Amino acid sequence: MLTRHDKGYKISIRASVLLVFALASLLTGVVAISLHYYFSEKLILQTKSEQFKQTSQQIADHITRINERANNTLSVMIHDTRLFSNSQDNKDILQK
């Protein structure tokens, strides 16, 4: 592996090839994991954003339907004169 010479230490070819292979593998692994994290995070944010938009649209539609029903009920109540009469017969009919 390491041998001492007059000018310093010298690494054998086998050790240098293994070292380069290990560094290249480590670098490849770090890059792959980093890219996986980046794109997974981006995909999750995009998916959650779409789910939030869909949920908020469903809530808005539900509130709109409730509002329309309330408006229709009020419109019927305003136009039905039997509601304002004091007759007991009309109150019995409306309660059924």
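User: In this predicted model, is Y38 buried, partly exposed or exposed?

Analyst: The model is a prediction, and the class rests on relative accessible area. Buried means under 20% and exposed means over 50%, with partly exposed in between. For Y38 the relative accessible area is 45%, so Y38 is partly exposed.

User: Is L27 buried or exposed, and why?

Analyst: L27 has its place in helix α1, which spans residues 13–79. Its relative accessibility is 57%, and the cut-off for exposed is over 50%. L27 therefore counts as exposed.

User: Which residues form a nonpolar patch on the surface with L27?

Analyst: The patch has about 510 Å² of accessible area, taken together. Besides L27, its members are V31, L35, Y38 and F39.

User: How many aromatic pairs are there, and what is the angle between the planes?

Analyst: The count comes to 1 aromatic pair. Y38 and F39 form this pair, with 5.0 Å centre to centre. Planes over 60 degrees apart count as edge-to-face, and the pair of Y38 and F39 is edge-to-face, with an angle of 75°.

User: In what order do the elements of the chain run from the N terminus?

Analyst: The chain has 2 helices and 2 strands. From the N terminus on, the order is β-β-α-α.

User: Which element of the chain has the lowest mean pLDDT?

Analyst: Over the chain, the mean pLDDT is 85, and 76% of the residues reach 70 or more. Among the elements, α1 has the highest mean, 94. The lowest mean, 60, belongs to residues 88–95, helix α2.

Technical notes: Residues are numbered from 1 along each chain as its sequence is written. This is a predicted model: local features need pLDDT of at least 70, side-chain atom pairs count only at pLDDT 80 or more; totals for chains, interfaces and linings use all residues. Side-chain values use heavy atoms; hydrogens and water are left out. Patches are made of residues with over 30% relative accessible area and no salt bridge: like charges are joined within 9 Å, nonpolar side chains (Val, Leu, Ile, Met, Phe, Trp, Tyr) within 5 Å. Accessible areas come from the Shrake-Rupley method with a 1.4 Å probe; for residues, only the protein chains shown count as cover. A salt bridge is a side-chain nitrogen of Lys or Arg within 4 Å of a carboxyl oxygen of Asp or Glu. Helices (H or I, at least four residues) and strands (E, at least two) are DSSP runs, numbered from the N terminus. Buried means under 20% relative accessible area, exposed over 50%, partly exposed in between (1.4 Å probe, protein chains only). Rings of Phe, Tyr and Trp (its six-membered ring) pair if their centres lie within 6.5 Å; planes under 30 degrees apart count as stacked, over 60 as edge-to-face and the rest as tilted. pLDDT is the predictor's confidence in each residue, from 0 to 100.
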